Amino acid sequence: MNPASPPQEPETQSFAETAMRMSGKSEEEAKRMGAVDKADEQVDRLFRFQTSNSPIHRAIWDGHVPLELFMAPPPPKGLPCDAVMTRSLEIIRRRREENALLNQDKKLSAETIDELAGAGYWGLLIDPKHGGTGAPFVRFAPFLAKMGTLDPMTSAMASVHGCIGAVDPLRTFGNDEQKNRLLPILASGKKISAFALTEPCAGSDLTALKTTATLVGDHYEITGEKLFITNIVPGRIIGLVAMLDGKPAVFIAELPATETPEWQIVRYGLYALKHAYNVGMKFNKFRVPKENLLKPPTGDGLTIAYHGLNLGRLSLCAGASGAMRVFLANMLPWAHFRRTYGQSIDTRELVQRRIARMAALIVGCDALIAWGSWLIDQGYRGELECIIAKIFGSEAQKEAAIELFMKTHGGRSFLHGHIFGDNVHEYLAPCIYEGEGEMLGMAFFKSLVKEHGKAYFEPIGKALQANQMKTLNPLNPAHLWKLRGELWAYGKWSMGRKFMGRDRGTVPGLAPKLAEHLQFALDQCQQHAVDLSDAMKKHQLKLADRQCRIAELSQRVQDTIVMIVTLCWAHGEAKEIAIDSADVLCQDLRRKLTGERPSDAYFKAVGVLADKIIAGGFEELAGVPRQEIMMKY
Ligand SMILES: Cc1cc2nc3c(=O)[nH]c(=O)nc-3n(C[C@H](O)[C@H](O)[C@H](O)COP(=O)(O)OP(=O)(O)OC[C@H]3O[C@@H](n4cnc5c(N)ncnc54)[C@H](O)[C@@H]3O)c2cc1C
């Protein structure tokens, strides 16, 4: 899991920076984009398998999909983390029943946090030699989905602490002294942690960070302001991002027991993550010991932030899966109870479609979690995979909450005490935190086309610049002649694609209906490479400004990948209900990609799946708490 320490590489201008400069962008924008891109490249170098080796990158650019990288084996069992997980679930189930999860502020209480600490909850991701149980991520992430069905805040807090908080930065980038000193405290749960990155001026644009750190004697003095930071309570530990010598750096800071002139909390009302303390903070020459600066082997503070965010994005998808299980578990008894025009609404096609769609979305999330976590454990960077999980998970949860859950519960959705009405903001906010979905979709596109751009378009761009030409006109023979070398290389790639045989990859024993979706997705992958390349060819250096096209192409690739991941996962599960749910999701995604209308056969399949779920066939709902039906008649 820990990245190797590659040698420091000489500072070179990134492709994005070159392209921005050549396209006439301002020096500031080019530099900022270059900084983000460089941080990204530096993170990449930390991993055994970099983005260009990722299953998604290869699926698009290799010409055939490496299906073996889409088939995650079953997660290991019989690990020390098992007992911790069982105990933690028991604690939360009991405290939930006793109505003892929250404190007087309606936040996760110190008593709940302490009892979980006793069970080892906060040390799940920490190595045994530092006091934890070292759960592989492939066990941790699905566990969060399960915990999320009992208490979403407890589940989210494990990610805030273990993924984006101080745990991952220390585990991955801390030196031995820092790990030995700080990880046992974090594993014990005596102090749990948070990550303070966002500032009033810097959320989507992380190059705008203004908080600074200055070395004064044996400590750093931090000055600046943070906003929207989850889990900030006096006495806890934070990973704090501040600019040091012009570059972002991460410090592990212990918050004082009370506010001081150097550290002030900024309070506001916030609808989302309402059971956690989410506040702003003002730092004024706030002291952090010199030895608490993390020094990544390459890159800077953003390298550290991006690493933790990847894990956080998978955890977010797990949270979405947990929330949707709660939705489905509560939709079923309600839809059975509610009669209109003399019949239960669970016999109606429209409601059945919602039930089936909910199962399909859950299965999609579970597949992405299992696959992404497995890749992370194998040493893949997982950037593209984690972005898909985050976007799919947050959008699925939003759709499930509003289109499926709320609509099925009708007016009761808005009663005080109803799961939907009480928590609607919780279901929407994941679309924003850990990176807003469309911004992430653009980042996904950028990472996906980077190597192709470097190989074929950067040389063309440079040749244009050398020949003092602004754009390439393919109808102008002089242009073609001047750039003949560069164009030949691209032409070879393009012709190779044209004459490439159809990808006939198979998964032995795959159910016929899934096999058909697989072939569709394999064809799509080949087509996506051409479409992406055509967009680069058409818009050349202006492509970065064609955000809507980027977002559209990115989403098409994401949808295709979700199809492959889901059907491979369902095949591995070898359960009829998983296969049927995967089929429905694949049909939905296919129609999204082709623009076709749903067939009658689709509506029939949806009804059949819903009937199986209503009959109790969706095992994942076992143990999920159900709310009393409100306003019974
Ligand atoms: C409940 C909650 C918990 C959070 N917890 C934490 C935490 O623990 N730690 C932490 O550091 N942060 C946290 N955040 C902050 C969160 O990560 C940011 O809100 C998020 O990254 C978006 O930043 P922003 O709000 O500043 O949006 P802005 O930067 O203001 O962007 C708003 C929107 O503008 C659009 N936009 C911006 N730039 C562009 C562009 N170049 N091109 C096209 N469109 C653009 C996008 O749609 C974007 O979403 C939390 C936020 C919330 C709501």
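Is Cys201 buried, exposed or partly exposed, and what is its relative accessibility? At 36% relative accessibility, Cys201 belongs to the partly exposed residues, a class between buried (under 20% relative accessible area) and exposed (over 50%), judged with a 1.4 Å probe and protein chains only. The structure is a predicted model, in which local features need pLDDT of at least 70 and side-chain atom pairs count only at pLDDT 80 or more, while totals for chains, interfaces and linings use all residues. Residues are numbered from 1 along each chain as its sequence is written, and side-chain values use heavy atoms, with hydrogens and water left out.

A search of the whole structure gives 0 disulfides, a disulfide being a pair of cysteine sulfur atoms within 2.5 Å. Cys431 takes part in none, and the nearest cysteine sulfur, that of Cys365, is 12 Å away. Cys431 is buried, at a relative accessible area of 11%.

We turn now to the ligand. Around it stand 17 residues, the closest being Phe195, Thr198, Ser204, Phe228 and Thr230; a residue is counted if one of its heavy atoms lies within 4 Å. This shell divides into 9 nonpolar, 6 polar and 2 charged residues.

For Glu436, a polar side-chain atom lies 3.3 Å from an oxygen atom of the ligand.

Definitions and conventions:
A polar contact is a pair of N or O atoms within 3.5 Å; within protein, one must be able to donate a hydrogen and the other to accept it, and residues adjacent in sequence count only if both atoms are side-chain atoms. Ala, Val, Leu, Ile, Met, Phe, Trp, Tyr, Cys and Pro count as nonpolar, Asp, Glu, Lys and Arg as charged, and the others, Gly among them, as polar.
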